[in-house]
Amino acid sequence: MIEQRKSARAFPHIVLWLSILIILFPIYFVFVASTRTNADILSAPMPIYPGSHLIENYGRALSEGAKNLGASALTMMKNSFIMAMGIAVGKIIVSLLAAFAIVFFNFPGRKFCFWAIFITLMLPVEVRIMPTYKVISDLGMLNSYAGLILPMIVSATAVFLFRQFFMSVPREIAEASQIDGATSMQFFRSILVPMTRTPIAAMFVIQFIYGWNQYLWPLLITTKQEYYTLLIGINRMLSGADVLIEWQIVMATVLLALIPPVIVVIVMQKQFIAGMTDTEK
Amino acid sequence: MAKQYEFPSKGLPYLLVMPQMVIVFLFFFWPSAQAIWQSFFLQDPFGGRVIFVGFENYTKLFSDPDYWASFRVSVLFALAITFSSMAISLFLAIQTNKKIRFDSFYKTMMIWPYAVATMVAGVLWLFMFNPNVGVIAWFLKYKLGIEWNHLLKADQAFWLLTLAASWKQISYNFVFFLAGLQSVPLPLVEAAAIDGAGPVKRFWKIIFPMLSPTTFYLLVMNLVYGFFETFPIVHQVTAGGPGKATQVLVYKVWRDGVINLDLGGSSAQSVILMIMVIALTVVQFRFIERKVTY
């Protein structure tokens with residue numbers, strides 16, 4: 001830092017602390033609400049200190065959910081988790097295979113495959129929801145995990161990240177493994193994939209969060225409570241008249257929906273930042 | 001460049017790309033083609049009769065004041081989010097990059113909201129501003145005399161959406177701005193300081209120009225976010241209301257397709273959105289190519 005005056009040194013700390021408080025502000029009140037009774041919350045203004053109903057509220061949210069919902073947060077967490085893991089793991093496997101073929105093999109149609117995958121890069125599901133919905137419904141995948149997961153692993157981000165990484169791998173390694181008598185799949189499994197673990201970890205963080213936070217797609221294709229994800233459950237609990245909403249249960253569920261991906265980002269911060277800034281180069 | 005070693009195999013590579021290609025065709029090309037196809041037809045939602053109408057779905061859209069209103073609010077919304085979240089994150093990234101103590105703590109505290117779902121960000125702020133139970137709504141009403149009801153007032157609805165969407169987007173911009181700032185060579189900045197350039201001048205003359213690739217990239221990504229990824233917030237917080245005041249384009253596609261069952265009109269809107277994303281992508285890649293050839 002170049003400026004050495006005391007006031008100049010304190011300035012960034014003050015600014016950053018203020019913004020942290022602003023960022024945390026809604027989270028704090030959501031937490032307070034999740035430890036209070038609904039009467040406390042409805043008696044606006046809501047008390048600003050946490051109450052004593054934390055265990056009761058989270059217990060109810062996890063075991064049965066709000067009265068107007070018919071799905072417990074535990075079930076919804078399971079669904080969100082299956083969807084997030086399915087998208088993250090599925091996308092990583094499919095993309096590793098595709099990138100391996102495109103980089104390490106020369107075959108007629110390689111260019112075509114590359115461009116067909118490439119073009120999906122930026123077109124979000126939002127712009128073609130109705131026809132995608134029809135495909136899933138024709139395949140009989142409404143209200144199923146396959147229906148929740150498969151259309152979400154289309155985008156090519158992972159293929160690109162892995163392709164870039166594979167291109168930086170010295171070809172002598174591949175050639176040497178062939179001379180030593182390994183098949184191409186043995187090279188892939190025991191040499192290439194272990195070398196790729198950093199990009200794989202980065203991709204995992206990004207895709208897990210992407211999957212956990214999907215909203216429009218599950219909103220369209222889940223009509224049965226047993227397939228609700230957390231976000232859909234929250235939406236359903238909030239879609240009545242204000243007085244019928246059990247705010248304390250909703251807010252407990254909001255925190256349950258928020259905490260897992262936040263933990264993933266904080267714990268894997270390094271991989272996450274590397275992954276984000278690398279895919280864009 | 002010397003010829004790269006490649007595995008000799010005929011069938012295997014096809015097997016390897018197969019899963020990706022099947023998914024891409026089933027869930028990308030086929031639906032996209034369907035959207036284009038359906039945009040030329042009028043569909044009876046009950047009978048299943050289909051009539052070819054040419055460009056009628058498009059001309060109907062372009063002569064519909066609702067569509068233009070939706071277009072207008074989408075542009076304003078995307079610009080408001082882009083400008084506010086980029087300005088704030090750049091400012092915060094500069095503060096964090098000042099080689100101060102606890103900077104890794106600050107960094108973590110700025111980054112975690114990235115993990116919060118757009119929809120959840122909407123719920124957090126909805127709860128703060130709910131006219132009946134929200135603490136901020138209460139404060140505005142009883143301490144400042146401002147009646148807050150985003151379900152009735154269009155401008156309040158717009159600002160609430162902007163606040164929630166920007167709150168979430170700040171962390172994304174922050175990551176990129178901080179990475180960009182860290183790659184600005186410090187000796188250059190120090191030399192300017194020795195030559196008597198103050199912090200403001202150093203920023204505009206040295207740091208900001210060196211950040212321009214990051215800034216441009218973020219500009220495109222934020223516009224894409226504002227245009228296409230804000231459906232969850234709009235759906236949860238305002239449902240496009242009051243009236244149709246905050247009905248952004250992605251919300252209208254969904255509403256016309258899913259609620260109003262107007263498949264032709266919804267498909268035509270999908271096609272227009274696709275063209276917009278493709279245009280933004282092309283701009284993006286043109287720029288990246290230029291950067292690479294430097």
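Start by colouring chain B by burial: of its 294 residues, 43% are buried. A residue is called buried if 20 or more other C-beta atoms lie within 10 Å of its own, exposed if 12 or fewer, and partly exposed in between, with the C-beta atoms placed from the backbone.

Before going further, some ground rules. This is a predicted model, in which local features need pLDDT of at least 70 and side-chain atom pairs count only at pLDDT 80 or more, while totals for chains, interfaces and linings use all residues. Residues are numbered from 1 along each chain as its sequence is written, and chains are lettered from A and ligands numbered from 1 in the order in which they are written. pLDDT is the predictor's confidence in each residue, from 0 to 100; chain B averages 86, and 95% of its residues score at least 70. For the complex, the predictor gives an ipTM of 0.88 and a pTM of 0.88.

**Stop 1: each chain on its own**

Stay with chain B and switch to cartoon view. You'll find 13 helices and two strands. Helices (H or I, at least four residues) and strands (E, at least two) are DSSP runs, numbered from the N terminus. The C-alpha trace spans about 75 × 75 × 30 Å along the principal axes of chain B. Its radius of gyration is 24 Å, whereas a compact globule of 294 residues would come out near 19 Å. That radius is taken over C-alpha atoms, and the globule rule is 2.2 Å times the number of residues to the power 0.38.

Now select chain A. Here there are 15 helices and zero strands, and 44% of the 281 residues are buried. The C-alpha trace of chain A spans about 75 × 65 × 35 Å along its principal axes. Take the contacts in chain A between residues at least 6 apart in sequence: 74% of them join residues at least 24 apart. In chain B, the share worked out that way is 69%. Two residues are in contact if their C-beta atoms, placed from the backbone, lie within 7 Å.

**Stop 2: where the chains meet**

Show both chains. How many residues of chain A are in contact with chain B? There are 80, and they meet 76 residues of chain B. Highlight helix 1 (residues 6-33) of chain A, which supplies the largest share of chain A's side, 11 residues. That side of chain A divides into 61 nonpolar, 11 polar and eight charged residues. Ala, Val, Leu, Ile, Met, Phe, Trp, Tyr, Cys and Pro count as nonpolar, Asp, Glu, Lys and Arg as charged, and the others, Gly among them, as polar.

**Stop 3: the cores**

Next, pick out Ala98(A), Phe100(A), Val250(A), Val120(B), Trp125(B) and Ala164(B). They have the most contacts inside the largest nonpolar core, which has 157 residues. A nonpolar core is a set of buried Ala, Val, Leu, Ile, Met, Phe, Trp, Tyr and Cys residues joined through C-beta atoms within 7 Å. Helix 4 (residues 73-104) of chain A gives the largest share of this core, 17 residues. Apart from this core lies another, of five residues, including Ala35(B), Leu61(B), Ala268(B) and Val271(B).

Zoom in on Phe100(A). Leaving out residues up to four places away in sequence, Phe100(A) touches Phe166(A), Phe188(A), Leu192(A) and Leu16(B).

**Stop 4**

Follow Phe188(A) and Leu192(A) into helix 10 (residues 184-195) of chain A, where both are buried, as are Ser184(A) and Phe187(A). Look down the axis of helix 10 of chain A: its buried residues fall within an arc of 95°, so they line one face of the helix. The arc is that of the directions from the helix axis to the C-beta atoms. What covers these buried residues? Helix 4 and helix 9 (171-179) of chain A are included, together with helix 1 (12-38) of chain B. Turned away from the buried side are the exposed Arg189(A), Ser190(A) and Pro194(A).

**Stop 5: two loops and a helix in chain B**

Select Ala239(B), in the loop between helix 11 (231-237) and helix 12 (249-259) of chain B. Although Ala239(B) is not a glycine, it has a positive phi of about 50°. Ala239(B) counts as partly exposed, with 15 C-beta neighbours inside 10 Å.

Then hop to Leu261(B), in the loop between helix 12 and helix 13 (263-293) of chain B. Its phi is near 55°, again positive in a residue other than glycine. Is Leu261(B) buried or partly exposed? Partly exposed, with 14 other C-beta atoms within 10 Å.

Finish at Ile278(B), in helix 13 of chain B. Draw a distance line from its C-alpha atom to that of Ala157(B), 121 residues away along the chain, and the separation is 30 Å.
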